[in-house]
Amino acid sequence: MSSELRNGMLLCLGNPLLDISAYADEELLKKYDLKPNNAILAEAKHRGLNEDLTENYDVDYIAGGASQNTARIAQSILRKPNTVVYMGCVGKDFYSEMIEKKARADGVDVRYQYTDKRPTGTCAVIITDDGKHRSLVANLAAAELFSIDHIRIPENREIIDKADYFYLTGFFLIVSPDSALEIAKVALEKNKVLAMNLSAPYICESFNRDLTPLLPYIDILFGNETEAAAFSKQYNLGTENLEEIALKIADLPKNNAQRKRLVVITQGEKPVIVARDSTVKQFEVIMLPNEKIVDTNGAGDAFVGGFLSQLIQEQSYEVCIQCGNWAASEVVQQSGCIFKTTQQFCPRT
């Protein structure tokens, strides 16, 4: 199947960040008014958090940003370099050099937009409860300056026109909703697949004005249980049942009638919920003993990376789910969203 892969099949857009990751305790969460399993944007009360981590804790620096994580995992599984392209905005600094070096080492074709107006963005990753929970505090910095001009540069437009699959995170709506909508229109016009991740509850709650016009273009929507619940509340779906939420999202109006919308809801150790065409199924995840779980940060990004790695090879969504679960199970055994296994994914029959 890998012989059918070609350069630029999958294009991911998002907010490239340098993750500053450390194990900590509940006291640090309380100090900065953080929740143990959440993702938020940095506010004034979080000033000094990065310095606190680097000065008082054992820190790992990891090339991050949700969409870039997904791109790296998908590319690592595919093994054919440059199958995946990634776009986002970074500063002209040492941090961006670190991120690009890591992404290219994983085989991703990085096409950053560079700015000298802000430094490369960071994300504080506070891991608690022996790796079971993580609190993310993102300072987007340069990532906020991504502009639609970047996707209109001729060489980048050529990449977009040749891509067969597009992936966006909800986080990207914070910085460039017009770019997201333009990509969505290209996908519709060329009958290509557009996948998106809800990313965090606050995307549904605070950025629904930008999410709403994008929804009819989305062919595959990913989210976890808290994001799905936030979506249901924001869009008045009238239920807290995850299976019902997935079915209702799948049945929302859709521009491309040539394919039904697929909705995928992950819920940690519980089964993955998949809905399409008025049908819902559940898929068991791979259970690991607690001693093997190092860090759950990045598990969701890895799941989507595994899923997309099989999707672009035209595998069934059952196989895509299998690979997503496998990729997530490998990543949680590492610190950070890192894919170290040398084994190849083998679908179960």
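Tutor: Buried means under 20% relative accessible area, exposed means over 50%, and partly exposed lies in between, with a 1.4 Å probe and protein chains only. The model is a predicted one, in which local features need pLDDT of at least 70 and side-chain atom pairs count only at pLDDT 80 or more, while totals for chains, interfaces and linings use all residues. Residues are numbered from 1 along each chain as its sequence is written, and side-chain values use heavy atoms, with hydrogens and water left out.

Y112 is buried, at a relative accessible area of 6%, whereas Y114 is partly exposed at 39%. W326 pairs with F345 in a tilted arrangement, at 5.7 Å centre to centre and 40° between the planes. This pair links distant parts of the chain, since W326 sits in helix α14 (residues 317-331) and F345 in the segment after α14, 19 residues apart. Helices (H or I, at least four residues) and strands (E, at least two) are DSSP runs, numbered from the N terminus. F345 is buried as well, with a relative accessible area of 15%. Elsewhere, Y167, F222, F303 and F307 form one aromatic cluster.

Charged side chains provide a second set of links. Side chains of opposite charge can pair when their charged atoms come close. A salt bridge is a side-chain nitrogen of Lys or Arg within 4 Å of a carboxyl oxygen of Asp or Glu, and the whole structure holds 18 of them. In one, the closest N and O atoms of D109 and R111 are 3.0 Å apart. D109 is buried at 13% relative accessible area, while R111, at 29%, is partly exposed. K192 and D164 form another salt bridge, with their closest N and O atoms 2.9 Å apart. Here K192 lies in the loop between α8 and β12 (193-197) and D164 in the loop between α6 and β11 (165-169), so that distant parts of the chain, 28 residues apart, are linked. K192 is partly exposed, with a relative accessible area of 21%. A further salt bridge brings together the side chains of D219 and K254 (2.6 Å, N to O). D219 is in the loop between α10 (208-214) and β13 (220-224), and K254 is in the loop between α12 (242-250) and β14 (262-267), so the pair ties together parts 35 residues apart in sequence. D219 is buried, at 3% relative accessibility. Through shared partners, salt bridges also join E100, R104, D109 and R111 into one network.

Next come two helices. The axes of α6 (residues 154-162) and α8 (residues 177-189) come within 10 Å and cross at roughly 45°, which makes α6 oblique to α8. Axes are lines fitted to C-alpha atoms, for helices over the stretch in contact, and angles run from 0 to 180 degrees between N-to-C directions; under 35 degrees is roughly parallel, over 145 roughly antiparallel, 65 to 115 roughly perpendicular, and the rest oblique. R157, I160 and D161 in α6 meet E182, I183 and V186 in α8, where contact means heavy atoms within 4.5 Å. E182 is buried, with a relative accessible area of 17%. Leaving aside residues up to four places away in sequence, E182 touches I148, I151, R152 and R157.

Finally, helix α11 (residues 225-234) has E227, A228, A230, F231 and S232 buried. These buried residues pack against β12, α9 (201-206), α10, β13, α12 and β14. After α11 comes N236, which has a positive phi near 55°. Within α10 lies P213, which is partly exposed at 39% relative accessible area. Apart from residues up to four places away in sequence, P213 touches L181 and N208.

Conventions:
Rings of Phe, Tyr and Trp (its six-membered ring) pair if their centres lie within 6.5 Å; planes under 30 degrees apart count as stacked, over 60 as edge-to-face and the rest as tilted.
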